[in-house]
Amino acid sequence: MTDTPLAPAPIRAAKTPKVGIVSLGCPKALVDSERIITRLRAEGYQIAPDYAGADLVLVNTCGFLDSARDESLAAIGEAIEANGKVIVTGCLGAEPDVIQRAHPKVLAVTGPHQYEAVMDAVHTHLTPPHNPHLDLVPESGLRLTPRHYAYLKISEGCNNRCSFCIIPKLRGDLVSRPIHHVLTEAEKLVAAGVMELLVISQDTSAYGLDIRYKPETWRGAEYETRFLDLARGLGSLGVWTRMHYVYPYPHVDNIIPLMAEGLITPYLDIPFQHASAPVLKAMKRPGNQDKVLARIANWRRDVPDLAIRSTFIVGFPGETDQDFDILLDFIREAKIDRAGCFQYENVAHAESGKLDNHVPAELKEERWHRFMEAQAEVSAARAAAQVGKTLDVIIDEADDQTPGGWIGRSKADAPEVDAVVYVASKSALKSGDIVRARITGADDYDLYGDVA
Ligand code: SF4
């Protein structure tokens, strides 16, 4: 933790002290914010909904791309202007000098997942209340997501060293949570009404590698701390379970039978990043696309409804026209149903910045548009193929634009990032209901239907 040398005296709040939270970045950062909020509430602090009502503001930052760093610095500036008392945590907190140069008035800076340090900083600057009402905190913790889905973080850090990524520098090597802790947390979330678990980490398929897949006991049975046993345990809870950020190791094949049995949601989020062998080599990622295509074909043979989500980078240094064509062929042939695409950015301190043959900005832009067009065709073909089917849809919210309308998602869609299903229902629904919907129409991404 880095404090400013002349930190002001702690604020003595006459009423219950209130902390405002600004949470930026990915779902992993959101989970960190939830943990911090849970700790704050457990100690009796209140969470303020706006700057004006807060005694101090915590900004949980993202530092992955330069654009995210800029957004984080802007958010810190806004919080200082609106409130004046600001503590910064999260990925960008790993570079306190950057923050303090831009915003010398920041009270304290702590790095990613340093929960103790964040709480120390809060205690220093805002005295905790005397009688915390521990029982105000639900057993499942406090969450920033709606009641019916929850992110489940299984590990921190990453052992890979992708050349464009500074996450291992920011968050360190892989540290897995023991499997019985993860499964117990999942069980509590389900007991609290969660219908969909979203498993997240930096590298979900590496889960347990750092602790040699240590066996633990949960519900009287032995589970090793590894990806397959995690899937087995979560699959026994009877809710939708999505696997995010799965690195394409061969053992991922092992969870396909659990999807075929209906225990795990037929959805895999695998950030392939590219498909051309020379680009993957420069990225320091595994790269035998023929094998990957054969494996995906096998997965789809066994689980025909499988949806694959991925992320890609276009315009990586050295990417030729031929490499880019290989990438387009891959997303068409592998039928990557959902994809995020980023134009390569030089992230400060990333190794890839030193590579030769950087791609000009206009060419990156052109490739990005061509990628998005090709991917929209794959997505539209999948959407059109759903028309006439009856699908399970989890309801997220009422559709304000359409009386009797609801917005939900099929098993092929994760919240926030994927498509939605607009459904009409004669009876009232609520968030978290899972209904059977007849699909009557589709556009490039979204589906339309009626509750069956
Ligand atoms: S696997 Fe993900 S988090 Fe790990 S180094 Fe590669 S891009 Fe970064």
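Start with Asp173, which is partly exposed, with a relative accessible area of 42%. This is a predicted model, and the stops below are to be read as such.

**Stop 1: Asp173 and Arg161**

Asp173 sits in the loop between α5 (167-171) and β9 (175-176), and Arg161 in the loop between β8 (155-156) and α5, so the pair ties together parts that are 12 residues apart in sequence.

Next select Glu196, Arg242, Asp396 and Arg409. Salt bridges that share partners join these four residues into one network.

**Stop 2**

Side chains of opposite charge can pair when their charged atoms come close. The count for the structure comes to 26 salt bridges.

Select Arg69 and Glu95, whose closest N and O atoms are 2.6 Å apart in a salt bridge. This pair links distant parts of the chain, 26 residues apart: Arg69 belongs to helix α2 (residues 66-82), while Glu95 is in the loop between β5 (86-90) and α3 (96-102). Are Arg69 and Glu95 buried or exposed? Both Arg69 and Glu95 are buried.

Move to Lys153 and Glu156. They form a salt bridge in which the closest N and O atoms are 3.1 Å apart. Lys153 is buried, with a relative accessible area of 1%. Glu156 also counts as buried, at 11% relative accessibility.

**Stop 3: helix α6**

Select residues 179-191, which make up helix α6. The helix has 13 residues and spans 18 Å from its first C-alpha to its last, close to the 18 Å expected at 1.5 Å a residue.

Within α6, show the side chains of the buried residues: Ile179, Val182, Leu183, Ala186 and Leu189. Why are they on the same side of α6? Because they cover an arc of only 120 degrees around the axis.

Then step just past the end of α6 to Gly193, which takes a positive phi of about 110 degrees.

**Stop 4: the cysteines**

A disulfide is a covalent bond between the sulfur atoms of two cysteines. How many disulfides does a search of the whole structure find? The search finds zero.

Select Cys62 and Cys91 to check one case. Cys62 is in no disulfide, and the nearest cysteine sulfur, that of Cys91, is 5.8 Å away. For a sulfur pair to count as a disulfide, the cut-off is within 2.5 Å. Cys62 is buried, with a relative accessible area of 14%. Now select Cys158, which is buried with a relative accessible area of 9%.

**Stop 5**

Select β17 (residues 390-398) together with β20 (residues 434-442). The two strands pair in the antiparallel sense over five bridges. For a place to look within this pairing, pick Asp392, which stands opposite Arg436 in β20.

How many residues lie between β20 and β21 in the hairpin they form? There are four residues between them.

With the side chains of the strands displayed, one general point applies. In a regular strand the side chains alternate between the two faces of the sheet.

Terms used
Residues are numbered from 1 along each chain as its sequence is written. This is a predicted model: local features need pLDDT of at least 70, side-chain atom pairs count only at pLDDT 80 or more; totals for chains, interfaces and linings use all residues. Side-chain values use heavy atoms; hydrogens and water are left out. The expected span of a helix is 1.5 Å times one less than its number of residues. Buried means under 20% relative accessible area, exposed over 50%, partly exposed in between (1.4 Å probe, protein chains only). The arc is that of the directions from the helix axis to the C-beta atoms. A salt bridge is a side-chain nitrogen of Lys or Arg within 4 Å of a carboxyl oxygen of Asp or Glu. Two strands pair if DSSP finds at least two bridges between them.
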